[in-house]
Amino acid sequence: MTHYDDNPEYGAMVARLDRLQEVPTEVLNTTVVLNGLCLWGLWPAVEPDWEDCAPSDRALAERLCEGCPVTDQCLELELRTVGASTTGVWGALPEDDRRELHRVWQRRRQQPSHNDQEGGATP
Ligand code: SF4
C-alpha cells in the first residue's frame, strides 16, 4: 500500500512551498487578495456548478486557476489556515489533493532541517 507521504508528487509540491515558510500569514493573505485571479472575478474558465464538481477534479482546478500569479501563495495560505478542512478549489488543486497534501506539508514542516533554512522569504 502506498502511503501518501511517499507520493513523490506531493513531496515535490510541499518542497516548492518551502520558500514561503517564513512569510507571515498576513503577508500571504494580502498577496493573494491583491493578486489572485478569482478574487478579482477573473477566473479564466467559466465557473462550474459546484454541486456537480467532484472534490478530486484536478483538471478543473488547474483550468480554473490557470494563469494566476499566486498559486503557491494561495496553496500555502490554505494549508496554514484551513488545513485538512479545506473545500473547493484553492491553489490550483481540488480539495481531495489538498487534504492529502496537508498531511505531507505538516510532516515536512515539523522536520528541523526545513525550519532553519537560509535566505530571505519572498511572498
Ligand atoms: S490560485 Fe486559484 S483559487 Fe487561488 S487566488 Fe489564484 S485563482 Fe484564486
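Mentor: Two residues are in contact if their C-beta atoms, placed from the backbone, lie within 7 Å. Keep in mind that this is a predicted model.

Trainee: OK. What do the buried residues of helix 2 pack against?
Mentor: Helix 4. The buried ones in helix 2 are Leu-28, Thr-31 and Val-32. They sit on the same side of helix 2, because they cover an arc of only 95 degrees around the axis.

Trainee: And which residues are exposed on the other side of helix 2?
Mentor: Glu-26, Val-33 and Leu-34.

Trainee: What is the angle between helix 2 and helix 4?
Mentor: About 135 degrees, and their axes are 9 Å apart. Angles over 145 degrees count as roughly antiparallel and 65 to 115 as roughly perpendicular, so helix 2 is oblique to helix 4.

Trainee: Left-handed or right-handed crossing?
Mentor: The crossing of helix 2 and helix 4 is left-handed. On the helix 2 side, Thr-25, Leu-28, Asn-29, Thr-31 and Val-32 make the contact. Helix 4 contributes Gln-73, Cys-74, Glu-76, Leu-77, Arg-80 and Thr-81.

Trainee: How many of those are nonpolar, polar and charged?
Mentor: The contact has four nonpolar, five polar and two charged residues.

Trainee: Switching topic: how many helices and strands in the protein?
Mentor: Five helices and zero strands.

Trainee: How much of the protein is buried?
Mentor: Buried residues are 27% of the 123 residues.

Trainee: And what share of contacts join residues at least 24 apart?
Mentor: 66%, counted among contacts between residues at least 6 apart in sequence.

Definitions and conventions
Residues numbered from 1 in each chain as written. Predicted model: local features only at pLDDT ≥ 70, side-chain atom pairs only at ≥ 80, totals over all residues. Axes fitted to C-alpha atoms, helices over the stretch in contact; angles between N-to-C directions. Helix = DSSP H or I, 4+ residues; strand = E, 2+ residues; numbered from the N terminus. Parallel < 35°, antiparallel > 145°, perpendicular 65-115°, else oblique. Left-handed = near helix turned anticlockwise from the far one by under 90°. Nonpolar A, V, L, I, M, F, W, Y, C, P; charged D, E, K, R; others polar. Buried ≥ 20, exposed ≤ 12 C-beta atoms within 10 Å, placed from the backbone. Arc of directions from axis to C-beta.
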